[in-house]
Every structure is written in structure tokens, then in C-alpha cells.
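Hi everyone, thanks for making time for this. I'd like to walk you through one model, chain by chain, and then stop at a single residue.

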Amino acid sequence: MVFSSLVFLFLFLAIHLFVYHMVDERYRNVVLLVSSLIFYSWGGPRYLVLLMGNTLASWGFALLIERSDSPGKRKLWLVAECVVLLGVLGIFKYLGFFCANFQAIFGVPELIPEIVLPIGISFYTFQLISYVVDVYRGEIDAQPSYWKLLLYSSLFHQCIAGPIVRYQTVAEQIDERRPTKNDIYYGVRRFSIGLAKKAVLANSCAAVADTLLPIGDASLATQTTTGYWLGMLFFGLQIYLDFSAYSDMAIGMGRMVGFRYLENFNYPYQAVSIQDFWRRWHISLSSFFRDYVYIPLGGSRCSKAKYVRNIFIVWFLTGMWHGASWNYILWGLYFAVFLLLEKFVIRGRMPRIAGHVYALVVVYFGWVLFKFENFAELGMVLAGMFGLAGGGFTGLEVHTLFMQNIFLMLFCFIACTELGKRLHKALFDAAQRNDVALTIYGITEAITPVILLIIAVAALAGASYNPFIYFQF
Amino acid sequence: MAVMGLGCIIGLLFFLRPTVSEFENRTLTTYPDFTIGNFLDGTYTSQVSLWYADTYPIREPLVRMNFKTKSLYGIQPETQLIGGNRTSDELPPEGERTTEPKREHSHDVDEPDVRIRAEEIEDQIVNGLYVDAAAGSAYTLYYFDQGATEAYADVINDAASQLKGKAEVYSVLLPTNAGILLDDDTLAKLGVPNQKQAIDYFYSLMNDDVYTVDAFDVLYDHRDEYLYFHSDHHWTQLAAYYAYTAFCNTKGIEPASYDKWEELVFEPYTGEYASFVDIELAPDYVAARIPQGTNDMEYWVNDADDSTLMEGNVISDLRDADEDANKYNCFVCGNRPFSHIHNPAVTDGSSCLVVKDSFGNPFVSVMVDSYEDIYTIDFRFTTKKLVDLVDEYGIQDVIFENVLMFAGTYDASELLSDIVYSDESAGGGE
């Protein structure tokens, strides 16, 4: 089930919230858990076993770690946790990839297994690993109740599309949370913004990007130069609006029931460097790799050679996390190169404006690497962008799409900045001092979620096109 | 939360759930059948989600609202090309092929597959749509595909071989509105071929057992008349009549007189382009003349189930239909998998089977006076086999009618294969 669907909005979420707020506080976790398991099973219940099994392993290993006195045993259980969870992830996500590469080099195996990627496995695997590592480090207590840990790993707000919520962020809230009316209002508002961002903006950008850059279709080769550039521009908008919208909805739904998840995006397209970009983009993933890979490897407090090694390892893994394909790994290493460039060559000496342009250009071309798993297509698009396009420089279709979506594009540019947030704050500040502003603020606060919901619902009703890019991760 | 609650209640009003969308001119998704297998692999719940959204009680106004919202996304240029990132293969000299005729074909009619492919064929409508705001019209472009063309000709040839000695086989290939109404310069700029040449090439690949009907020239000669709708890819009954005269010319019979038939006019008519383009399209109407022989017919909603047999009219009177109703459905009760018209005014035992797409609907309506029995199958939806039908009903003429944008796709030849080749011949060797 996806958040941006009528069945989720009007059937699942509406009934869930109604029941959740109707039952006694003691049973609210039960409602959340049952709802989450139904939600997860909606795409096919067979992978629920995997989620429950991984959670069972993590629950057991964490308790064993906590109850072990010897550091050796604690480490053993931690290693066991990593072997089990990363092993499962490896089989379901990377086995086909490894076999294909092995076959390309050695000619065996003859058959490459085609394994369906269980939904959300990359997200909940990392959540559970972070939980056990944090127990190992003594930063949190192990959760004695399996069902509560299962609630954490399966919580439908973030289970299948992130953000990667650390257990320590929600440990206390699992046992006790009392959402205020303000929390509920904020949650509904944030969810509505996310839903409209996804259903209206991201899906519309996706439609343009996919029309201009049809992956796997012969017409990709006949696109024009301007078509490639415009298509990639809309893809860049789509991927941010899509993913951040899901985080908005997750944060909003969590807030409605008293969970406070950390922000996952901070206007990444306002970045002034690549390092800055990655502090703003998919923050929960970046911080996971920082805390559980980069720093344990020595971080930056080591020799230059080790630092370079650490950076390449982290970004190799970051790329690989995004997909079992070389283009994602290349995408990760591409950023590693720019991060090293910034560290050793640029060293913060680039003017802010130039840094912003530089970051956007690097990220833009990064998305080209990210979008095309097939290297022949990737090469074709890159060549096409620089004048070797099969369809010539430009064409009527590109002109039509550009003109028909020009206001959408401009609006999306604005939506990628914090202008809306600043305007909202300015109105809020004015409302503290001025009655007219207070009235305007009150009205806009009351009607904004309603209008956004209606627009989003209309968009969902009219669109069969509703993919979510990050489901594959 | 109130909005969600209200939405939830509306969603539970099952008796208000629509089954068709007038705006999108399509039948909406039906509730899926439950099996353990489709439940476990998630197909069932996924289809339930689709059904829930597709038949949501107030979906139609929401879809219209969304369409209006999208008009705010930008500016509509005077000339537009929608879904036109395609290239046309070079038209080879007539009769020249790049591949040997295929001898292996798919045979089994797999209902879900057929439906999916039928939908893919329908997508051709917007897979190359040229919009001219000044003319208030949109035009469906045709892109020549060498392989698909050869595959189509192969199926027709094989059908003719199978039916040799039993029935005569005719091929009626029709141009799209772009082929008739746009000049050669515009077509060349858009990178699409002259449709007359494309049709001639199709015909050049057909063997001597197939009678080919030159409908292009007669349509082109009358291009100043109301042959195509401005807001839809379909043609008018008048255009179908001209194509029918071309057919009669090939067959060597006298066409019925169009002037003698009673005319009904249904207006306004808004076709499918209106749901894809956001310009003011010129107003349309549907003029339908009732053949003299009969206006009665029978059709099967599902031709694998005899209990779905219904009675209807060759020309349904839609003068009182809703403004939004798809008035093109006035012809032969719309796209039906199988139908039959018995004309009591003709008693010579003549019969034909029209294998058609949606362009065939007005075409069949104007053929009524020329045969005692007209059987029709829609190649996208039928489960019938061609040879079985010819044998069972003693059919004398089999007429394959296809518009170029469908005929020139692999989907068309695959769907036709399901009709032409018998299950026993699976494995090749026709």
C-alpha cells in the first residue's frame, strides 16, 4: 500500500485513526501494531515473515548482548546480528547482482536467481541494526518485549519508505506518548503537505520526466538534446519532492499519534557544497553511515590515506544501498570524489553563490548516473545531452511539454526552497502583534490542510500514475 | 481529519460506485476475484486498491477537477505534440521485406493478456498526438514500424490461406485523421510518413488471396467534408460510408444509397482528445443514418458466455443522452466482442464477418444493406476463432478492418493471431 492512494487515505488511515483514538490508551500500541502488520501485508503477506523474523533475531541478539558480561560474547552477538540481517538483505537484494557479475567474469552460474525485493527491507534492516548496535554500545536498553520491537520495526509510518528512525528516538514514545491537540493539528498539516507534494508535484514531474526519458524504450535514443536536459531537470525535481513528501507524511502521521521522528530533509537543493547537500539530503541514511560505518572506521581523525579509504567505503556502501546495480555504486563514488575535492582542493574557498551553482550542477549530473541502470542508456543520454542526440537539438514535443509545465516547474523550484516555511513564520510572527494578521493566519491554518487534501485527492483520483521511487530501496 | 472521515464514508457508499467514466470514455476496474495465490503474492490487494480508487463514488468530478488543475501548470502552445518521441522506420519499396514471414505464432487466448494488450493498443491514441489550436483540432499521428507491418500482413495472409475456398478475405486499412487532414509538409516536419504510401506498402505485402480496399483515395477526395471529429481520433459515419463505397468497388457490388437513410444527430459530442489536451477544441456532433434494411441487432457482452446475449440497435438513438455521454457508441452498440445483424430485406444468403477495431463501428452500420447477415468481432475483446465462425455461420466474406495506428503495432498482429490460429496449431507450421 502506498500513502498516496485513496485506499490508504480513506480506508486504512481514516479507520486506523478513528479506532486508535477511540480505544483505551492501553490498547493503542495494539492498534498501531495490527494496523502496521496489515499495512505491510497489503503488498503480499509472504514477506511479513521476513520482517517478523528479522525483528525476532534482533530482539534476541539485543537481549543476549545486554545480558552478556564478557565483551567477547557481546561482540559475538553483535556480529551474529549483522551476519543474519545483512545476510538476509544480501540474499534478497544483492544475490542476483553478485551472480550476474560472477557470471560475466567466470561464466557461471548458468542461471541468475530472480528474487523479488521485499518492500522496505533496506529501511527496516538498517533500523534493526542501529537498534542492536546502540544496545551493544550501551546507549539504550534492550527492549524486553518482542511485540514492542516489532511495533518499532514495522510501524507503517516509516517502515517501507523511511526515514530510518533510530530506536533511541522513539524508545520512550513507544511506552508513553500523549499527543496534544497541537501535535494532532501539526501532524495533519504536515501529512497534507506531504500528500499534496507527492500527488500533485512529484507525480506531475514524474510524468514529464518519464515521457522525455522512457527507460528501456527505443524512443530514448531518439530524444533531442533539450529533451534530455529537461527530462533530467524534472527527474531531479521528482526525486526530491517524492522522497521528501514521504518523509513529510511519515513525520505527520507519527505526530498525529505522538511520535516525533527526526527531519529527513533540509532543503538539499539550497546546498552550497556537496558536503552541505549530504547534510540536507536523506539525513537519516547519511547519519546512519556516519555513526555506524564512517566513525568506527576512524572518520577524519586519521591519516590522509585512511580518510580517503573511509570516504570511498562509505560512499561505495551508500551507492550500493540505493540499488543492486553498478550505476548506484558509481553514483556513490562520484560523490566521494567531489567530497574529497572539497576537502583537499576547494577547502571552503568557493564563494557561496558559486558553491550553490557548483553543488546543483554536480547533483544534477549525479541524477543522470542514478536514473539509468543500463550503461548503454546512460552513455546515450550523457552523449545526447552534449549534442550527440539521435533526435537533434530540440523538437515540438519538448517545446510542448516545456510550455505546458512551465508554471509547475517554477512552483517546484520554489517548493524546493524554504520560502514557504519563511512566509509561514513571518505570518506567525505578524499574528503575534497584529489582529488582522492573526485572523489571516487563523484562516490559512484552518483551510490549508483541507485544500491540500482535496487537491491531492483529485490528483490521486485522476492519476493511475503513482510510483514511489524509493520503494526499491 | 474531517475530510478523511467524510472521504471514508463516501467510499463506503458502494451503491454509488460508478462502472464507467464518461470523461475518460472507459469502463472502470471491476472488483477482483479472490484466490489464495493472488492474495499471497499481493495481486489481490493491489487490484482491490485499484478498484477502490477507480470506482470511488465521486471520482468523475475529482478527475475533472484534476484536469482543470493541470491546466494551471503552464501555457498551451498553438501547436503541440503529445507523446511524439517516436521515430518512423523508412518506408521500403512496395513488396520489400526485411524478414521472412513468421511461421510460429501465439495461439492461446489468454483472457487477461488479451485485455492488457487491448489496453496497450488503446494507448496508441496519445502516442503521437499533434494539436493545432488554431484549427481547434488534434490529430493522431502514425509511425511506420517495419517489423509490425510485416507481422500484420503475415496474419492476414495466413487467414486468407486458411479460408481459401471457404470465404473471400478483404483488408480495409484506414488512415488516421492526420493522414487525410494534414498536408505532406506538416507530416514531414513531424517525421511521420505519408499514410497513402504506408497503406500501399501494407497491401504490397499481402498475397493475391487478399482483396485490398483502397479507402484512402476516396477519403482524401472528400477531405473538405466532415470526415473526422475535432475532439476524437475516430471518424464519422460519412467517412465510413466513403470507405464502404471503396469496399463495394473492390467487391464489385453497388453501394447502398446514403441519401435515402434517415439521419439522427447527437450533439454536443466531446471525444477523447478533450481529456488529453487543454485547448478549446472545435465543437463536434455525431450524425448517424439508419440503414434501410434493419436497425435491429444482437450482441454478446462476453462472447464466451451465451447468457450475455443482448438485443440492440445498429444506430441507437442518443438524442436524449447526457451531454457527456460518448455518442460514438451509437454505432452497433459500441465495442462488443461479437455481434450479429440480420437484414430481412436481403434474402440472397449473403454473409460477412467484419474483424474490426472501433473504427469498424460506423463502418458496419453502413454495410447493413449489402448483406443478409453481418457478423462482427472486435479483435481486441473476442474469444472466438475465425475459422470456427466461418464454418459455423457459413460466412462468405471476411473483412479485416483496421486503422493504421492499430494495424502498425505488434499488439494488433498478436491479438489477430489469437483469432486466426487455432489452438491445435500451437507450435507453428500454419
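Chain B has an accessible surface of about 17,700 Å², and 49% of that belongs to carbon and sulfur atoms. Areas here come from the Shrake-Rupley method with a 1.4 Å probe, and for residues only the protein chains shown count as cover.

A quick word on ground rules. This is a predicted model, where local features need pLDDT of at least 70 and side-chain atom pairs count only at pLDDT 80 or more, while totals for chains, interfaces and linings use all residues. Residues are numbered from 1 along each chain as its sequence is written, chains are lettered from A and ligands numbered from 1 in the order in which they are written, and side-chain values use heavy atoms, leaving out hydrogens and water.

Back to chain B, and its charges. There are 27 positive and 76 negative side chains, with the centres of the two sets 3 Å apart. Lys and Arg count as positive, Asp and Glu as negative, and His and the chain ends are not counted; each charge is placed at NZ of Lys, CZ of Arg, CG of Asp or CD of Glu. In chain A, 36 positive and 29 negative charges have mean positions 7 Å apart.

In chain A, 56% of the 473 residues are buried.

Chain A is assigned domain 1 (6-177) and domain 2 (183-272 + 350-462); the bounds come from an automatic or database domain assignment. Their contact, meaning heavy atoms within 4.5 Å, takes 23 residues from domain 1 of chain A and 21 from domain 2 of chain A. The C-alpha centres of these two domains lie 29 Å apart.

Finally, where does A:Arg137 sit? A:Arg137 is in the loop between helix 5 (121-136) and helix 6 (146-154) of chain A. Its relative accessibility is 36%, so A:Arg137 counts as partly exposed. Leaving aside residues up to four places away in sequence, A:Arg137 touches A:Asp291, A:Tyr292 and A:Pro296.

Key. Helices (H or I, at least four residues) and strands (E, at least two) are DSSP runs, numbered from the N terminus. Buried means under 20% relative accessible area, exposed over 50%, partly exposed in between (1.4 Å probe, protein chains only).
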